[in-house]
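Reader: I'm new to reading protein models. Can we walk through this one together?

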Amino acid sequence: MSLLDATREAFRLLFAGDPELWGIIFLSLRVSVFGLLLALLPGVVAGYLLAMWRFPGRRALVVTVQSLLAFPTVVVGLVLYMLLSRQGPFGFLGLLFTQQAMILGQAILTFPILAAYTLAAVQGADARAHETAVSLGAGPLRAALTTLNETRFAVLAGVINGFGRAISEVGCALMIGGNIAGFTRNITTAIALETSKGEFAQGIALGVVLVVLALGVNVAMAILQGEGGMK
Amino acid sequence: MTPLLEFDRLRKSFGERRLLDLDRLEIEAGHAYVVTGGNGSGKTTLLRILAGLESAEVQGLKFQGDSRVGADARQRVVYVHQHPYLFHTSVAGNIAYGLKARGVNGALRQRLVEDAIVWAGVGLLRRLPPNKLSGGEKQRVALARAKVLEPSLYLLDEPTANLDGEGRRQTIDLVQKLTREGVGVLIACHDREIIELPGVRLFHLESGKLMPLA
């Protein structure tokens, strides 16, 4: 099949609503969204506390979070694999090669993004925002929520970026999901598999979806940054 | 009469530099106090310490005669920044903020916010976001946001700095209204018109010491 034929077939699969193809897409979305939601609260709280609290070892933690941004996804997959495999300390949970394991992996991958974006957002926020909240009688939680609300565009940029990383990563999902058809096969692992088999049509179709999602994420980021800049 | 706020000694240093070394001070309800002093003399720092926003060595601190200066006492003191920060919500939302933080809800909150809007003359601005307001309007909204909480002591940091014309005039009118309301008002400023308001007790801060001026 020529590249042109494969592309034509890819669009036919997409628009014909091929159940296997769309099943993979929805599985990807579900795993990424749940992974993101799992990391959302810890990531934002960690970023906020790192920005607001001064304590010994803070600098080292900030550097660690920032380093984790560029951490290879395949290494996260390797560590999780070792922890979740039958011989690993959490093997008894029976999570390896399940969607739950993939969600956990994507939560670990998105956590540093959420923490780093929140840290940068709160550190870059006008210090008067938190101070004004406190001087008007807000307790620590309300003052924190107010500060996060004042920096919501920058924090949301972290959420969008986190989703972008989760939906597009392949290493972790492949290692701990196992690429099982209909169960743990997501967009990226399916592309890798189909391409290795020489079946380009499904790979191209899924690639188109991934590119559209990546573009959507970037457009959303640009819109948010524009909104934030106007305030 | 028990002072609204008093302390026997207040000291504040930044590293080796001693910024403030004040002896006894009493702030009474129903009076306006103005602190003048050059840039960097510590006026803003003094206000921030009294607002609980900055730490310092303070001896004999009492609020209305009570040395247990806890959250309740802190809630009766409101600090208004030289360049007030308004939250990214409407003017009415900004004025309601402190009431929400204190758990005042429903019709009472709405009524108090309306009263404060009328008091500050910002009725036409009520639905505007802060980025549509001038400096003078922001200052008036900040004063309304403080007033709605009915504090016993206002700490106003340069309320007319960087304002001119109508904005400055309206802000001075509001400060004057406050000074007539039986509360304590401590103002850091250089504005002659505020200094010369009737009944103002004037202090000058220099070399870390606060000196009363006639």
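Reader: How many bridges join strand β2 of chain B to β6(B)?

Author: Quick note: this is a predicted model, where local features need pLDDT of at least 70, side-chain atom pairs count only at pLDDT 80 or more, and totals for chains, interfaces and linings use all residues. Residues are numbered from 1 along each chain as its sequence is written, and chains are lettered from A and ligands numbered from 1 in the order in which they are written. Strands here are DSSP E runs of at least two residues, and helices are H or I runs of at least four, numbered from the N terminus; two strands pair if DSSP finds at least two bridges between them. β2 (residues 9-14) and β6(B) run antiparallel, and the number of bridges joining them is three.

Reader: Which strands of that chain B sheet stand at the edges?

Author: The open sheet has three strands in the order β3-β2-β6, with antiparallel pairing. An edge strand has a single partner, so one side of it is left without a neighbour in the sheet; here that goes for β3 (17-22) and β6 (57-59).

Reader: Which residue in β6(B) does B:L10 stand opposite?

Author: Look across from B:L10 into β6(B). The residue there is B:V58.

Reader: Which element gives the largest share of the side of chain A that touches chain B?

Author: Counting contacts (C-beta atoms, placed from the backbone, within 7 Å), 14 residues of chain A meet 16 residues of chain B. The elements giving two or more residues to chain A's side are α6 (127-135) and α7 (140-150). The largest share, six residues, comes from α6(A).

Definitions and conventions
Two residues are in contact if their C-beta atoms, placed from the backbone, lie within 7 Å.
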